[in-house]
Amino acid sequence: MKLVRGNEAVIYGALLAGCQSYYGYPITPASEIAHTAAYYFPQLGRTFLQAESELAAINMVYGASAAGERTMTASSGPGISLKSEGLSYLAGAELPAVVVNVMRAGPGLGNIGPEQSDYNQMVKGGGHGNYRLIVLAPYSAQEMCDMTILAFELADRYRTPVAVLADGVIGQMMEAVRFPKPCDTSPAKPWAVRGDAATRPNCLTSIYLDFDSLEAHNRRLIMKFAEIEAREQRWQGYMLDDAEVAIVAYGVTSREAKSVCESLRADGIKAGLFRPKTLWPFPKEGLCEIAERVPKIFVAELSMGMLIDDVRLALNDGRRLGFAANYGGKLIRGDALRNAVVEFVKGQQ
Amino acid sequence: MKQAEKSIQKPKSMYARFERKPGEDKTNTHYCPGCGHGIVHKLIAEALDTLDMAERTVFISPVGCSVFAYYYFDCGNIQVAHGRAPAVASGVTRANPGNFLISYQGDGDLAAIGTAEIIHAANRGEKMTVFFVNNSIYGMTGGQMAPTTLLGQKTTTTPFGREFMNEGNPIRIAEMIAILDAPVYVARASVHNIKAIMQARKSITKALQAQRDGKGFALVEILAPCPSGWKIDPQESAAWVEKNVLPVFPLGEFKDETVGREGISRARNAASDEQIISLLGLDTAPPHFALSNPKAASLRVLCAGFGGQGIMLLGQMLAHLGMRHGLEVSWLPSYGPEMRGGTANCSVVFSEEAVGSPIVEYPDLLVIMNGPSLDKFLPALVPGGVLVYNSSIIENAPRREDVQIVAVPASDLALQAGSERAANIVMFGVIVSVYGSFSEEAYSHLLAEFFTSEKILGINEKALRAGMEYARNI
């Protein structure tokens with residue numbers, strides 16, 4: 001067990017998972033990921049390279065992945081906007097890679113405070129074309145490590161890029177982490193281009209100039225994403241068994257919501273937490289199951305109503321949802337969240 | 001084989017049939033009549049044959065007319081986004097340093113949208129050979145202006161001719177790359193007539209040979225006709241190059257250090273699991289201690305002061321201390337510009353259960369190192385909570401009747417211990433004494449871990465004792 005920052009835990013996880021290269025560009029509040037990678041990767045005979053831009057970094061990742069190795073990059077919203085080109089190409093060429101986004105406040109340069117306003121950017125696309133990004137949402141330093149490892153596994157299993165979507169608080173916070181043993185589960189990658197006789201016939205591309213070929217390629221991708229949607233929904237519940245109200249939240253907001261649930265229960269309001277661990281695929285099935293017995297659903301997020309859209313889509317029952325949000329790099333204050341839930345439960349919101 | 005026979009034979013490094021090419025015709029390229037790409041492709045493939053490089057070669061196809069280079073080259077092929085070929089090639093060569101990388105790019109790809117990538121790959125001396133085909137126009141997208149378009153040249157986006165006042169001058173890539181230190185070979189050649197093609201063959205071979213010999217980055221800019229884009233007859237294009245292009249883009253070798261240059265080695269070593277565990281420090285568990293009373297078992301702490309007063313370190317030491325006494329802990333800094341001057345604060349939570357919110361809005365313990373932080377945070381201290389403040393700096397005694405207030409002349413005590421910078425450790429000494437929950441052995445361990453210089457450790461040990469003693473005498 002070791003006390004580390006969430007951002008450091010990402011690199012511990014990556015190294016344990018057999019990640020061979022890190023390509024990145026500094027940006028607050030994600031920079032400690034690059035600092036930690038710069039310190040450890042070369043000492044283990046692996047590659048750390050500070051790229052000339054976010055665009056170059058994601059394309060170096062594209063090259064390293066095409067060459068058959070586990071590889072990653074990390075950034076924050078403004079950098080992810082630039083990397084989105086590469087995400088589309090990675091998805092199109094079916095190349096596995098891990099991309100970590102430690103969200104700051106936007107739009108534009110915004111500020112470096114924590115926000116969750118890259119939700120739509122990550123969960124709904126970001127890059128062009130028909131593709132989906134698997135999005136994992138850690139809420140602790142432990143999960144920054146565990147979900148980075150999981151991201152490499154999912155990326156290889158489905159040959160597609162996977163994002164770990166954290167926020168400034170989860171990245172900057174130090175907590176005790178129990179690290180697993182080295183777990184490089186990289187499968188054989190017969191499709192890679194390794195510059196040898198065996199892979200000489202291989203070609204990795206996302207261009208299908210012939211319309212029928214691109215239609216077939218898209219159909220195959222869509223089938224793959226449907227399989228992911230069916231198999232990879234993940235969530236965690238807390239005190240939901242007898243709950244009269246469930247707060248839906250992820251990342252730092254779910255940490256606050258957890259404390260609010262405890263405080264509400266002390267006052268006789270049976271609150272519970274529904275925490276999506278995958279934002280895509282959104283844990284629809286779990287949420288619908290919970291919503292059948294929990295009458296009131298409340299959504300809390302550090303964005304102006306992005307998570308709540310997916311909650312509405314998942315429930316699809318027209319029920320009124322409670323809502324609390326903040327932005328500008330500011331968290332929802334614990335007492336503000338608590339009061340909003342109380343008002344909602346009493347029918348006043 | 002005689003040159004005449006060789007010139008009509010297809011090189012082995014090209015596929016015998018172009019199976020990836022859609023449509024019925026699997027033997028001709030997709031290039032227009034009179035286009036330079038086909039000639040350049042053939043020269044590259046012949047050089048790969050001569051140097052026996054194809055098997056280990058990874059060919060990067062760009063965006064532009066040569067986006068389909070992978071129809072033709074019998075190598076590992078990767079097609080990439082517009083302008084990013086040198087970045088992708090960098091990732092490939094770092095992964096497999098024994099590979100030969102060819103980044104084949106046009107003038108929009110390399111000289112416009114990908115200028116950052118080409119400059120930096122060249123500057124790092126990545127092991128790759130770049131073939132930059134300059135036909136002074138965007139062929140594939142419909143004859144628009146390229147950065148290499150000549151002044152006065154009409155294109156679909158310069159219908160009245162390129163003008164310096166609006167679009168600037170044509171850009172000379174080879175000359176620009178040649179001034180960097182890392183590239184080993186930089187030349188400009190042309191394929192507009194037989195004599196030029198013979199010279200281009202030499203340059204292309206030399207650039208690939210440099211890579212085969214492990215010397216690093218080479219770039220050959222190749223002037224190529226684009227009769228379709230130029231809207232002239234293919235037969236007239238050679239004369240057009242002579243008359244218009246060559247005066248702006250002179251041919252020649254701008255840099256040749258293929259002889260005498262040391263090779264670039266970026267070979268990797270595979271680390272064992274044991275090495276990984278040892279480097280990450282996962283083979284040693286931190287020492288474990290028992291709490292001697294439960295006063296600190298559930299505690300929300302806020303530390304605040306000026307940047308540079310060691311606020312973050314103080315908070316981290318408390319978090320380590322809690323963890324080593326079996327508590328669940330979190331430490332959360334204010335981060336970013338605040339750390340670079342101004343005020344700094346951090347939240348530390350101790351709990352017997354998993355920590356919920358790591359943000360301390362209402363602290364049980366408030367540790368304050370400067371006046372502005374006192375004004376800001378004192379109202380949030382919970383009734384019955386503890387305030388420890390630096391009375392060396394804060395002159396006016398804080399007013400709250402419902403909390404325990406501990407005034408510590410931390411800066412003065414630290415100065416006596418050897419450095420004012422140890423004021424945070426004086427505060428640490430006071431805090432551990434006030435609660436009396438933690439093992440003394442645990443702090444000594446921690447100090448020794450945080451301060452590795454003997455001199456600084458000595459000062460901080462004194463500061464710690466001064467703080468503990470001060471608290472005992474309150």
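**Figure 1. Polar contacts across the interface of chain B and chain A.** Across this interface, 20 residue pairs are in polar contact, with both residues at pLDDT 80 or more. A polar contact is a pair of N or O atoms within 3.5 Å; within protein, one must be able to donate a hydrogen and the other to accept it, and residues adjacent in sequence count only if both atoms are side-chain atoms. On the side of chain B that touches chain A, strand 2, helix 3, helix 5, helix 11 (273-279), helix 12 (311-324) and strand 9 (328-333) each supply at least two residues. Helices (H or I, at least four residues) and strands (E, at least two) are DSSP runs, numbered from the N terminus. Helix 3 of chain B gives the most to this side, with seven residues. The side of chain B that touches chain A comprises 35 nonpolar, 18 polar and 13 charged residues, where Ala, Val, Leu, Ile, Met, Phe, Trp, Tyr, Cys and Pro count as nonpolar, Asp, Glu, Lys and Arg as charged, and the others, Gly among them, as polar.

The model is predicted: local features need pLDDT of at least 70, side-chain atom pairs count only at pLDDT 80 or more, and totals for chains, interfaces and linings use all residues. Residues are numbered from 1 along each chain as its sequence is written, chains are lettered from A in the order in which they are written, and side-chain values use heavy atoms, with hydrogens and water left out.

**Figure 2. Extent of the contact between chain B and chain A.** The contact (heavy atoms within 4.5 Å) takes 66 residues from chain B and 70 residues from chain A. The two chains bury about 5,600 Å² between them, 61% of it on carbon and sulfur atoms; buried area is the accessible area (1.4 Å probe) that two parts lose on being put together, summed over both.

**Figure 3. A salt bridge between Arg200(A) and Asp74(B).** A salt bridge is a side-chain nitrogen of Lys or Arg within 4 Å of a carboxyl oxygen of Asp or Glu. Five salt bridges are found across the interface of chain B and chain A. In the salt bridge of Arg200(A) with Asp74(B), the closest N and O atoms are 3.3 Å apart. The pair crosses between chains, from the loop between strand 8 (174-177) and strand 9 (203-204) of chain A to the loop between strand 1 (57-61) and strand 2 (76-79) of chain B. Arg200(A) is buried, with a relative accessible area of 19%; buried means under 20% relative accessible area, exposed over 50%, partly exposed in between (1.4 Å probe, protein chains only).

Figure 4. Glu126(B) and Arg94(B) form a salt bridge through their side chains, at 2.8 Å from N to O. This pair links distant parts of the chain, 32 residues apart: Glu126(B) lies in the loop between helix 5 (115-123) and strand 4 (129-134) of chain B, and Arg94(B) in helix 3 (residues 85-95) of chain B. Both Glu126(B) and Arg94(B) are buried. Salt bridges that share partners join Glu52(A), Arg94(B), Arg124(B), Glu126(B) and Arg266(B) into one network. The salt bridge between Glu52(A) and Arg124(B) has an N to O distance of 3.0 Å.

**Figure 5. The surroundings of Cys261(A).** Cys261(A) is placed in helix 9 (residues 251-266) of chain A and counts as buried, at 0% relative accessibility. Leaving aside neighbours within four places in sequence, Cys261(A) is in contact with Met239(A), Ile247(A), Ala271(A), Gly272(A) and Leu273(A).
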